[in-house]
Amino acid sequence: MKFKLSVLALLTFGILFPLISQGMINPSEISDHEPSRTECVPATNIQKLPDGEINLFPVSHNRKMGFEGVIFNSEKPTLILLPGVYRGALSSDEILSLLNKAQINWVSIHLSSQPMAVDRGLTFKATFDDITSKTFKDEIKILVKALCVKKPVYVPLSYSATVAAHLTKEDTSLIIETTPMGTFSDGLPDGGLSYNLIDFWYSFNPITSPGWNEMKEANYRRFWRDAINQYIIRYPALAANEKLKEVAVEGYTSMSKAIEYFDLRQTNYGVGPRRTFIIAEKEDTNRRKNQLAALDNALKAYGSMPLTFVIEDSGHNVLNEAPLAWAKALEISISADSTPTKVALISKNGSAKWLTVSEWLRLKENLLQAD
């Protein structure tokens, strides 16, 4: 029972709770539109669909990736917006309207295991057995290549930092980390230290490993089934599609299993693409500390401060809480040949205040000390 509660606490407070407000998508609105699979279909030809519908693209023999996008000028950078744990940004989200207004190229992606992208005719168990964070990265690369995106700039949001960790300099020259997940368990009171020690012992003990892993998987499914059932009130169509509900449970379970041993602080910034960091001022305490530790690692690797934005008064879910600030940070990031300094404090209305070194050090200390 203690393990069951610890896993639920981990999932609820460590990764999922800040993003639950993003909401599930009405399964009846999933689009069956698919671009033909040719060598390269220019992203400027992305089909504009009615609100609530997205394009689907086959990335393997049994999985599809969901996407929508707008390309204003293919010679300029294109933001590849990676999703949070529940979903990617939708055309109904304010962030995409703001990018359109600024005429910034973007493609928003839904992972192949998320309800917006799953094929309702799939046999779900076989569909997700081989999912890893690297699998997601490979699938995204297939889509980006198929859209002929010339200058992709990847923007992982929270969960998808685990996917971006596998990107190389050959894939992109810039990754804009947005409120990245630090570790699988960084939402627990002790940062997951106790859970990680227990998990390490039982997972790698040949006697206890089979039963332990089976119990973890059962808890993941139970959590996700309960979480999905909560959305029936908001999206009645979900209740009418038991098949899709089970697909969603399996998809999310695979996403949980794929990131159990992720640690942002272990990223080798010396060999990967350069990073920009976007941090929420009111982020979860342990996750914020992990983000700042990763930022320090990047500084050491680069020999200079990475471009960094702190969004005032925002919690983890900047997609909903601070779209104006997020859009401003993205706009500066892709046009930042020169900036007054390397750190900016951005208000929720999108106003940026560039900080001196001493101002940043004071703010950083406050962020480390804040509960």
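# Briefing: aromatic pairs, a helix crossing and selected residues

Both Y269 and Y302 are buried. They belong to a predicted model of a chain with 13 helices and 10 strands. Of the 371 residues in the chain, 55% are buried. Among contacts with a separation of 6 or more, 72% join residues 24 or more positions apart.

**Aromatic pairs**

- The whole structure holds 8 aromatic pairs.
- One of them joins F184 and Y220 in an edge-to-face arrangement. The ring centres are 6.4 Å apart, and the planes make an angle of 80°.
- F184 sits in the loop between β6 (174-178) and α6 (193-203), while Y220 belongs to helix α7 (residues 209-229). The pair therefore ties together parts that are 36 residues apart in sequence.
- F184 has a relative accessible area of 2%, so F184 is buried. Y220 is buried too, with a value of 1%.
- Y269 and Y302 also form an edge-to-face pair. Their centres are 6.4 Å apart, with 70° between the planes.
- Y269 is in the loop between α9 (242-258) and β7 (274-280). Y302 is in helix α10 (residues 285-302).

**Around Y302 and P306**

- R274 places its charged end over the ring of Y302. The distance to the ring centre is 4.2 Å.
- R274 also touches P306.
- P306 is in the loop between α10 and β8 (308-311).
- P306 has 0% relative accessibility, so P306 counts as buried.
- Leaving aside neighbours within four places in sequence, the contacts of P306 are R274, R275, F277, L295, A298, L299 and K342.
- P306 and R275 are 31 residues apart along the chain, yet their C-alpha atoms are separated by 6.6 Å.

**Helices α2 and α12**

- Helix α2 (residues 94-101) crosses helix α12 (residues 323-333) at roughly 40°. Their axes come within 9 Å.
- The two helices are therefore oblique to each other.
- Their crossing is right-handed.
- On the α2 side, the residues that meet α12 are E94, I95, L98 and L99. On the α12 side, the partners are P323, L324, W326, A327 and L330.
- Helix α12 is mostly covered, with 8 of its 11 residues buried.
- Those buried residues are P323, A325, W326, A327, A329, L330, I332 and S333.
- P323, W326, A327 and L330 of α12 are both buried and in contact with α2.

- Most residues other than glycine have a negative phi.
- Q103 has a positive phi near 55° and is not a glycine.
- Q103 is in the loop between α2 and β4 (105-110).
- Q103 counts as exposed, because its relative accessibility is 55%.
- S158, another residue other than glycine, also has a positive phi, near 55°.
- S158 is in the loop between β5 (152-155) and α5 (161-164).
- S158 counts as buried, because its relative accessibility is 1%.
- Q103 is exposed, whereas S158 is buried.

**K134**

- K134 is part of helix α4 (residues 133-146).
- K134 is partly exposed, because its relative accessible area is 42%.
- K134 and L167 are 33 residues apart in sequence. Their C-alpha atoms are 8.7 Å apart in space.

Note on methods. Residues are numbered from 1 along each chain as its sequence is written. This is a predicted model: local features need pLDDT of at least 70, side-chain atom pairs count only at pLDDT 80 or more; totals for chains, interfaces and linings use all residues. Side-chain values use heavy atoms; hydrogens and water are left out. Helices (H or I, at least four residues) and strands (E, at least two) are DSSP runs, numbered from the N terminus. Buried means under 20% relative accessible area, exposed over 50%, partly exposed in between (1.4 Å probe, protein chains only). Rings of Phe, Tyr and Trp (its six-membered ring) pair if their centres lie within 6.5 Å; planes under 30 degrees apart count as stacked, over 60 as edge-to-face and the rest as tilted. A charge sits over a ring if NZ of Lys or CZ of Arg is within 6 Å of the ring centre and within 35 degrees of the ring normal. Axes are lines fitted to C-alpha atoms, for helices over the stretch in contact, and angles run from 0 to 180 degrees between N-to-C directions. Angles under 35 degrees count as roughly parallel, over 145 as roughly antiparallel, 65 to 115 as roughly perpendicular and the rest as oblique. A crossing is left-handed if the near helix is turned anticlockwise from the far one by less than a right angle, and right-handed if clockwise. Contact means heavy atoms within 4.5 Å.
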